[in-house]
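My notes follow in the order I looked things up.

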Amino acid sequence: MRYIAPILIGLGYVLVMSLVREPHRRRLNAVMVAGAGAAYLSGGGLGGWEFAFTALATYVAYRGLDSWTFVGVGWLLHTAWDVVHDVKGSPLIPFFLDSSFGCALCDPVIALWCFLGGMSVWRADEFRKAVRSTS
């Protein structure tokens with residue numbers, strides 16, 4: 001379950017976000033990236049570097065307001081930050097030691113969806129358009 005649950009959470013995120021219509025979907029995801037970028041601030045496991053990462057994530061999220069690519073980059077940046085926190089032993093949720101590890105598995109699933117254009121998996125027309133543009 002340590003490996004499967006985070007991937008299922010990422011897929012669940014995609015399913016729920018697919019219910020939001022564009023352009024609101026992309027903008028909402030940019031806000032989510034900004035929130036994820038600030039998630040470690042309260043723990044302060046990496047000291048001042050937490051502020052530097054939050055500033056970077058905020059910039060990427062701002063660019064993501066108009067670009068699915070930047071939203072995807074933001075999720076991958078958060079993945080890297082999750083790995084650093086997992087290795088350092090400073091988890092996202094202090095009472096759940098695998099939280100950073102799980103987040104590091106979940107976030108790339110979301111990033112992949114973003115790099116595919118954040119298409120709705122519920123709307124066949126969007127899905128077909130996204131598949132055609134990537135082939």
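I count a residue as buried when its relative accessible area is under 20%. The model is predicted, so I kept to local features with pLDDT of at least 70.

**Entry 1: asparagine 29.** I found asparagine 29 in helix α2. Its relative accessible area is 0%, under the 20% limit, so asparagine 29 is buried. A polar atom of the Asn29 side chain lies 2.7 Å from the backbone oxygen of arginine 25. Then I listed contacts, leaving aside neighbours within four places in sequence. Asparagine 29 touches Tyr13, Met17, Trp68, Val71 and Trp113.

**Entry 2: the cores.** Which residues have the most contacts inside the largest nonpolar core? I got Tyr13, Val71, Trp75, Ile110, Trp113 and Cys114, in a core of 16 residues. Helices α1 (4-17), α2 (24-37), α4 (68-88) and α5 (99-115) each give two or more residues to this core. The largest share, five residues, is from α5. Beyond its neighbours within four places in sequence, Ile110 is in contact with Gly10, Tyr13 and Trp75.

**Entry 3: α3 against α4.** How do the axes of α3 and α4 cross, and at what angle? The axes of α3 (residues 49-64) and α4 come within 8 Å and cross at roughly 160°. An angle over 145 degrees counts as roughly antiparallel, so α3 is roughly antiparallel to α4. I noted the crossing of these two helices as left-handed. From α3, the contact is made by Trp49, Glu50, Phe53, Leu56, Val60, Arg63 and Gly64. From α4, Phe70, Val71, Val73, Gly74, Leu77, His78, Trp81 and His85 take part.

**Entry 4: serine 99.** Is serine 99 buried or exposed? Serine 99 has a relative accessible area of 6%, so I put it down as buried. I located serine 99 in helix α5. Its side chain reaches the backbone nitrogen of isoleucine 93 at 2.8 Å. With neighbours within four places in sequence left aside, serine 99 is in contact with Pro91, Leu92 and Ile93.

**Entry 5: a peptide bond.** Most peptide bonds are trans. I found the bond from glutamate 22 to proline 23 to be cis, with omega near 0°. Proline 23 sits in the loop between α1 and α2.

Definitions and conventions: Residues numbered from 1 in each chain as written. Predicted model: local features only at pLDDT ≥ 70, side-chain atom pairs only at ≥ 80, totals over all residues. Heavy atoms only, no water. Core = buried A, V, L, I, M, F, W, Y, C linked by side-chain atoms within 4.5 Å. Buried < 20%, exposed > 50% of the residue type's maximum accessible area, 1.4 Å probe, protein only. Helix = DSSP H or I, 4+ residues; strand = E, 2+ residues; numbered from the N terminus. Contact = heavy atoms within 4.5 Å. Polar contact = N/O pair within 3.5 Å; in protein donor to acceptor, adjacent residues only side chain to side chain. Axes fitted to C-alpha atoms, helices over the stretch in contact; angles between N-to-C directions. Parallel < 35°, antiparallel > 145°, perpendicular 65-115°, else oblique. Left-handed = near helix turned anticlockwise from the far one by under 90°.
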